[in-house]
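Visitor: Hi! Could you walk me through this one?
Guide: Happy to, let's have a look together.

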Amino acid sequence: MAVKRWSLPLVAAALVAAGPVAAQETVNIGYSGPLSGGAAKYGKEVLEGMQMAASEINQAGFDVGGKKYKINVVALDDQYNPSESAINARRLVQESKTPVVLVPHSGGIYAVQTINVQQKLLLLAYSSTPQISARNNPLTLRIPPEFTSYMSPFIKYEMGKYGKKVAIANTDTDYGKAWTAAFKPAWQAAGGTIVADNAMSYNRATDFYSGVSRVIASKPDVMFVGGPSEPTGLIIKQARELGFKGGFIVMDQAKLDEVAKIAGGYSPLDGSIGIMPVVEDPSPETKAFVERFRKSHDGRAPSQEASLNYTAVWATVAAMKIAGTTTDATAIRNAFDKAIKSLPPTNNPHALAGVDAHGGLMIGRIPVAVVEGGQIKTLDGSTQTAAK
């Protein structure tokens, strides 16, 4: 399969015209993720956050050990295929000399974890799957919080509001399988029953009527859905068209505001619970990030994929400064906790607080959200203004 290459040599025009730029060296940061196929939008949102950080870093300038550098994001399309992720990681090391690569899906992360220590490559893992950290890979950092942190509030809300019968209709990827493996016993331990288990190919299918029909035939109170936002929105839309009146547990990869655009607004999502969209976060730091993103992206709102991976790139550069190296992946990894703690709120809109003992980034703020009456609300009931 031909691999698409997306490269971003980001440097401000004013700096190009200046003399010292000629002495700058380039640090390549790698990316392997879906840039085509059913998950392309998701992959591009991750990349946009990385690119935004690189642009800002290059405009400000940075040096390591007295030497000036600029950041270049080198992106390869893996079409959500884990075997391609591993191939891309090797290419990024061999051809672009990347000390760091970011991969935004669990299958690809697992594949890269089999080679990254040997390749001396720091892996930034954008997936909430707990098994990523459980592998104790010394050169892996998990960016988002583990999805198990959402399990209890998701189940308590939906079971209390709609009932104890759930139908599983999520993505059939490694990420979806891991979520399901943790969700089933948690739902049953809370007194619920699983009336259907029908995972679907979110990244390949464009119509889910047959799968959704099978799920609804089991007469669930709640549907457990999630994967990339666009197919998740289509599944919810089709479930409502087929007469489903219950609630939705929406896995954290899908973002409620993006899902709503496909489903036909927030009204079809009534009774859903998921992650608070970045654009709805009331914190000043996040609001400021959203405004900067809108200005540089034709008024579009950012997703969590953009905001968290924006911070990941800023933290990577900060870690390089602290470690005094742009090439030693182990030294950069060891400096990451201190690097995150050194970031100003401007570059850390979710208030990341450091790195835990298992290589997970500790996050200070991504609230759980529900949709009630066509409006986004925090789980405690406070209403946010719905995104337009």
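**Pocket and helices**

Visitor: Which helix gives the largest share of the lining of the largest pocket?
Guide: That would be α8, with three residues. Keep in mind that this is a predicted model.

Visitor: And how much space lies in that largest pocket?
Guide: About 240 Å³. The largest pocket is lined by 19 residues, and those closest to its centre are Y80, N81, T173, N203 and R204.

Visitor: Which elements give two or more residues to the lining?
Guide: Two helices do: α4, residues 106-113, and α8, residues 174-189.

Visitor: What about the lining by class?
Guide: The lining of the largest pocket has 10 polar residues, five nonpolar and four charged.

Visitor: Back to α8, then. How far apart are its end C-alpha atoms?
Guide: They are 23 Å apart in α8, which agrees with the 22 Å that its 16 residues should span at 1.5 Å a residue.

Visitor: Which residues of α8 are buried?
Guide: Y175, G176, A178, W179, T180, F183 and W187 are buried in α8. Just after α8 comes G191, with a positive phi of about 100°.

Visitor: New topic: α12. What span should I expect there?
Guide: Helix α12 runs over residues 284-296, and at 1.5 Å a residue its 13 residues should span 18 Å. The end C-alpha atoms of α12 are 19 Å apart, which agrees.

Visitor: Which of the α12 residues are buried?
Guide: T286, F289, V290 and F293 are buried in α12. These residues lie on the same side of α12, because they cover an arc of only 100° around the axis.

Visitor: What do the buried residues of α12 pack against?
Guide: They pack against α2, residues 40-60, and α13, residues 304-323.

Visitor: Which exposed residues sit on the face turned away from that buried side?
Guide: P284 and K295 are the exposed residues on that face of α12.

Visitor: Which residue with a positive phi follows α12?
Guide: D298 does, with a phi near 55°.

Visitor: Last helix: how does the span of α3 work out?
Guide: The 15 residues of α3, 82-96, should span 21 Å at 1.5 Å a residue, and the end C-alpha atoms are 20 Å apart, which agrees.

Visitor: And which α3 residues are buried?
Guide: The buried residues of α3 are E84, S85, A86, N88, A89, L92, V93 and S96. Just after α3, K97 has a positive phi of about 55°.

How values were computed. Residues numbered from 1 in each chain as written. Predicted model: local features only at pLDDT ≥ 70, side-chain atom pairs only at ≥ 80, totals over all residues. Heavy atoms only, no water. 1 Å grid on protein atoms, 1.4 Å probe; cavity = no way out; pocket = protein on both sides within 12 Å on 5 of 7 lines; lining within 4 Å. Points joined across faces, edges and corners; volume = space filled by probe spheres on them. Helix = DSSP H or I, 4+ residues; strand = E, 2+ residues; numbered from the N terminus. Nonpolar A, V, L, I, M, F, W, Y, C, P; charged D, E, K, R; others polar. Expected span 1.5 Å × (residues − 1). Buried < 20%, exposed > 50% of the residue type's maximum accessible area, 1.4 Å probe, protein only. Arc of directions from axis to C-beta. Contact = heavy atoms within 4.5 Å.
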